[in-house]
Amino acid sequence: MDIVEFLRSRHGVATTKSLYTAGFSRRALAKAVGSGRVARLHRGVYVSKGADPDVVAAFRANGKLTCVSGARFYGLWTLHDVADLHLSCGTGLARRHIVHHGQCIHPDHPYLPVAGVADVLLHALRCRPELEALVMVQGAVSQALLGPDFLRSKLPGNRNGRLRAIVDLVLPRADSLLEVLAHTHFTRAGLKVQMHVDVPGVGEVDCLIEDCLIVELDGETHFEAKQVKKDHYRDNASIRGGRLSLHYYYADVVYHPQRMVDEVLEVLANREAGRFGPFRYIAGPPPS
């Protein structure tokens, strides 16, 4: 691996110390700079072409990417892109398009100017809207990067009660951000919700509501022809077993959650009214 490849493996930016630690000599670094393949960002920091702009900005500001800007470096789920950069800076000086956060108190990313995952989440809980923070925390828990109890221990006292309530919404298991969001919306509507239930003849379903309605949360893979066919057969099996089935997609869960909840309540109301009740086939001409 040459210097450029090494820099690319680190989002296009590295400190002099990390380059020397990796075994590159002063001469090799000077040669790469002289050839134009590597540029000096400022003292002690070098970049290659195509470097990650957020990482470059963090080095320029002598800060650490955190909150929603640090999420992608840990594979955390996020709901929306943000225009502003979220940084933890020692100076805290106001800069255009930069949201400043408090200091970082946990171990940082091993080689990037990125706050540690604990600080990223704590900053997000204090900064982002409830559901945006929730999916980030759920992503960390789902990857076993940390646990809800750890976060609760960092949020003591009455003033952090709202933040602990967000952590309480985290599921023991969620395979996508849609699951934790749907679970939150359904439970807040007063519904009994079970996640990842093994239904005989159908297999594991995403949500089982009130023991009678299956709700599947479909991602992009569910648009593939093979998966669509599989889903239809699963729907057939669920109906044969006496349970209705509904499907919702990203846009439904993220952008139209109330409409999704209203439809589920409507189906449950129809069931309660007996509109899906059994009837007996009688030989002879159909009724007029």
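This is a predicted model: local features need pLDDT of at least 70, side-chain atom pairs count only at pLDDT 80 or more; totals for chains, interfaces and linings use all residues.
Relative accessible area, computed with a 1.4 Å probe on protein chains only, divides residues into buried (under 20%), exposed (over 50%) and partly exposed (in between). Residues are numbered from 1 along each chain as its sequence is written, and side-chain values use heavy atoms, with hydrogens and water left out.

Salt bridges were assigned where a side-chain nitrogen of Lys or Arg lies within 4 Å of a carboxyl oxygen of Asp or Glu. Under this criterion the model contains 13 salt bridges. Helices (H or I, at least four residues) and strands (E, at least two) were taken as DSSP runs and numbered from the N terminus. One of the salt bridges joins Arg152 to Asp149, with 2.6 Å between the closest N and O atoms. These two residues lie three positions apart in helix H8 (residues 148-153), so about one helical turn separates them. Arg152 is partly exposed, at a relative accessible area of 28%, while Asp149 is exposed, at 59%.

A second pair, Arg128 and Glu132, forms a salt bridge with an N to O distance of 3.1 Å. Arg128 has a relative accessibility of 18% and therefore counts as buried; Glu132 is likewise buried, with a value of 12%. In a further salt bridge, Asp252 and Arg259 have their closest N and O atoms 3.7 Å apart. Here Asp252 is buried, with a relative accessible area of 17%, and Arg259 is partly exposed at 46%.

Strand E5 (residues 85-89) is joined to E4 by three bridges in the antiparallel sense, and to E6 by four bridges in the parallel sense. Ser88 of E5 takes part in both pairings: Ser88 is the bridge partner of Lys64, and in E6 the partner of Ser88 is His101. Leu87 has His100 as its bridge partner in E6. In a regular strand, side chains alternate between the two faces of the sheet. Both faces of E5 are covered, with Leu85, Leu87 and Cys89 buried on one side and His86 and Ser88 buried on the other. Five of the five residues of E5 are thus buried.

Another open sheet, also of mixed pairing, consists of four strands in the order E7-E8-E9-E10. Its edge strands, pairing on one side only, are strand E7 (193-199) and E10. The average twist from one strand to the next is 40 degrees. Strand E8 (residues 203-209) and E9 run antiparallel and are joined by three bridges. Within this pairing, Leu208 has Ile214 of E9 as its bridge partner.

Ile214 also belongs to the lining of the largest cavity, together with Val202, Glu216, Asp231, Arg234, Asp235, Ser238, Ser245 and His247. On a 1 Å grid over the protein atoms alone, a cavity is a set of points where a 1.4 Å probe fits but cannot get out, and lining residues have an atom within 4 Å of a point. Grid points are joined across faces, edges and corners, and a volume is the space filled by probe spheres set on the points. The model has one cavity of 30 Å³ or more, and the volume of the largest cavity is about 40 Å³.

Strand E9 (213-218), helix H11 (225-240) and strand E10 (244-249) each contribute at least two residues to this lining. H11 provides the largest share, four residues. By class, the lining comprises two nonpolar, three polar and four charged residues. In this classification Ala, Val, Leu, Ile, Met, Phe, Trp, Tyr, Cys and Pro count as nonpolar, Asp, Glu, Lys and Arg as charged, and the others, Gly among them, as polar.

How values were computed
On a 1 Å grid over the protein atoms alone, a cavity is a set of points where a 1.4 Å probe fits but cannot get out, and a pocket is an open set with protein on both sides within 12 Å along at least five of seven lines; lining residues have an atom within 4 Å of a point. Two strands pair if DSSP finds at least two bridges between them. Axes are lines fitted to C-alpha atoms, for helices over the stretch in contact, and angles run from 0 to 180 degrees between N-to-C directions.
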